[in-house]
Amino acid sequence: MIGKLFDVPRRLPAGLAALLTLMAVIMLSAMADSTMQPLPASAPSARFSAERALAHLKEFAAEPRPIGSPASGRARDYLARQLRAAGLQVEIQRSVGAWSSAGLAAFGQVDNIVGRLPGTGSTGTVLIAAHYDSAAMGPGASDDGAAVAAMIETVRALRTGPGMRNDIVLLMSDGEEDGVLGAEAFVRDHPLGKAGGVLLNWEARGVSGPSLMFETTAGNSHLVETFVNAVPAPRGHSAMVEVYRLLPNNTDFTPLTKAGFTGMNFAYIQRSSLYHTAGDSIANLNRGSLQHHGTNMLALTRALGDADLRTLTSDQDVTYFRALGTMITYPDRLVWPLAVLALLAVAGLAVLARIRRLLSLPRLIAAAVSAVVPLVLSVALAQGLWELLVAWRPAYDLMGGLLHRPRPYQAAIAVLCALAVLGWYLVLRRRLGPAALTVGALTWLAGLGVLCAQVAPGASFLFALPALLGALGCLAAALSRGPAWARAAAALLGPVTAAMLLPSLAGDVFDGMGLALGGVSALILALFGLAVVQIAELFLPDSATRRLPDPATQLPPDPAARLLPELAIRPKRAVLLPVSLAALLLTTGLIATGLVADDFDASQPQRTHLAYVMNADTRTAHWVSADTDPPQWTRQYVTGHDTTTLPTGYARGTLWTGPAPAIAADGPRATVLAHREGTLKLHVTAGKGARSLTLRLDQPISHTTASAGRFGSASVPVTGTRAGTWPSEIRFRGIPAQGVQITLRVPEADRIRLTVIGETDGLTAVPGFVPRPPHLVAATREDGGLIAVTRGYTLTGDA
């Protein structure tokens, strides 16, 4: 019971045509997911112009502007002036924002910019949100300056037309990079933050690519309908929504929606190697990405600004995705029927194949179970490739897999996935049969469609639709008595559907997660391989062939056997060996190409971590680097791994260290105001010129409150402990010169050790410091490029 589901004459031309079709579909899908052409400053006033927005971006995003920095203050003043000039009611919300994670409580003094444009007959609030602060390591032209500049240009364009029906509120939040501090303060303290409404949040994780709608609140059917109908170039799909809901990542969208806003979250994610670095600059910003952000923002603001917002509530999600440039949506009530239909269609195909004695039940079960091998092998090969790359080029590790030019490596992973799937097929083809392997592969897709219908309904289409159309196509090809081209076309329904969906998803995952998690993209590519593996049969001779006809008497009926006679005698060995060698040679070539193309230079800088740490109690100082293999510039400061001389509680993970000269800095101070019954109350200052303060304790904490006088206070619960360092950490970013009061709950202990760290941006104040050469940029570790001055305290008994 071994056979094919169907056959066509002239299989080799048919196979080539099928491959070309799949390649064309993949390329067209990629082209359809492109960004937009930027419009010049001369564009009609009612339209969004990237060039006009760029003029604003150049005014406030030419330098890093972390929370509490002078550059942040200059950006705040410029942006507030622009909103006032556009006719908005503007206020600066000054407050203390708070956020917590395992063993960590983060606070910051935030200056949120809140602009309001009252509606003519409001049914609610449309909140447009983006953060104007940047990471300390770079100017944040994309993250999130581009969205903020787009907000100004959007307001200008809106003001050229009649007034909006609904209230339009612009939130330019502060402190997002340090834990969504501004958004948290907005929903906690500001009346507009408590009122709720429809939210449009804008972000970036890179400097290029289309503006993707990657997250929504639950019950998104009417929101997605508005998005699809209003936006001229909608990008994104519901699988992104499901994935992001499962991840621990957060943006301002998270606290705003927890407070009751419904809405959508947008970002572009390509060239993510520049994310949170000096490379996130105006020079590197893709103008088309800015145009796409702004065009979407303007279109949605107009649509929602004139809608009855009360009708946007819904109790169901929708599935949405693009297929060759067309956005397709359907309600979640169809998710389960489609998933079940896919499973039934695959079962029907199995029954037909069994009736025709093309497979047996044991062989089908073996084929389905064995399909886990190429899936696991693909993931292992991708992660193994990453480990190999990091071993060869340790600087990659500091980039978190977000490489400058990863395409050759991504192509190598694709080749390895193809080898894993094709190798599985060729090894088992003669033993289990083509029909069993095809149905077994489709069983995986149908099963994943059902699984996603249960746990992530918006992602079910990725697997259910290829399985459903693949099974129906094979059934049509097997049952049809029509022309060969029609049967071949029917059999391509599933592979073409998979080609429209899965490769682009793998590309998005590569862009968002990088090669360090390349196994996720490899798994998607391997599933794509299972969806299209049946095409391999068009290039192979009949598996039952044992002997070739005498060439002197007749020609073999199979063109593949005529072209490659040895394949008909020993198909497994004769095909698998050259395919494997070719794949391995191609992979090796792609890796070598990647190592050459992705080498470091001024346009593709290497990251390096360096910090200056001085113990103010002993006046001893050290350079510190978390690099695995520091570059030559960093090695002039660090010489070994001795961390015993660092201030207690400072070291986290494996570090390089080296002696450094002391600087004239008084450093931070901590005064105990009360210490009784498990509550410790401190007044802390960071020292002259310091922007931030960090406290580390050798005991766990369960609750922390920070008070900044007239700016207010905030409290957060804390669970868990920090990894690789002392169990508890408290941060206050943008600390006022007079200091803040910190109250924390700690277990009653005979002795508590406390290290207080005052942090100042930049290293130029250290004698002998030489700035980084152009091919190096500061790494994204939070203490990179900082002067950290510490003081230690030992607290005993009640105070």
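I am working on a predicted model, where local features need pLDDT of at least 70 and side-chain atom pairs count only at pLDDT 80 or more, while totals for chains, interfaces and linings use all residues. Residues are numbered from 1 along each chain as its sequence is written, and side-chain values use heavy atoms, with hydrogens and water left out. I take strands as DSSP runs of E with at least two residues and helices as runs of H or I with at least four, numbered from the N terminus; two strands pair if DSSP finds at least two bridges between them.

I then traced the open sheet of five strands, whose order is β14-β15-β20-β17-β18 with antiparallel pairing. I placed β14 (669-676) and β18 (713-717) at the edges, where each has a single partner strand, so one side of each is left without a neighbour in the sheet. Neighbouring strands here are turned by 15° against each other on average, direction ignored (axes are lines fitted to C-alpha atoms, and angles run from 0 to 180 degrees between N-to-C directions).

**E215.** I found E215 in strand β6 (residues 212-216), and I recorded this residue as buried, with a relative accessible area of 9% (buried means under 20%, exposed over 50%, partly exposed in between, with a 1.4 Å probe and protein chains only). Leaving aside residues up to four places away in sequence, I listed V241, Y244, F253, G263, M264 and N265 as touching E215, contact meaning heavy atoms within 4.5 Å.

**Cysteines.** I searched for disulfides (pairs of cysteine sulfur atoms within 2.5 Å) and the structure holds zero. C452 is accordingly in no disulfide, and the nearest cysteine sulfur, that of C417, is 18 Å away. I noted C452 as buried at 11% relative accessible area, and C474 also counts as buried, at 0%.

**Second largest pocket.** I looked up which helix gives the largest share of the lining of the second largest pocket, and the answer is α14, with eight residues. At least two lining residues come from each of α1 (11-32), α14 (407-432), α19 (518-532) and α22 (571-597).
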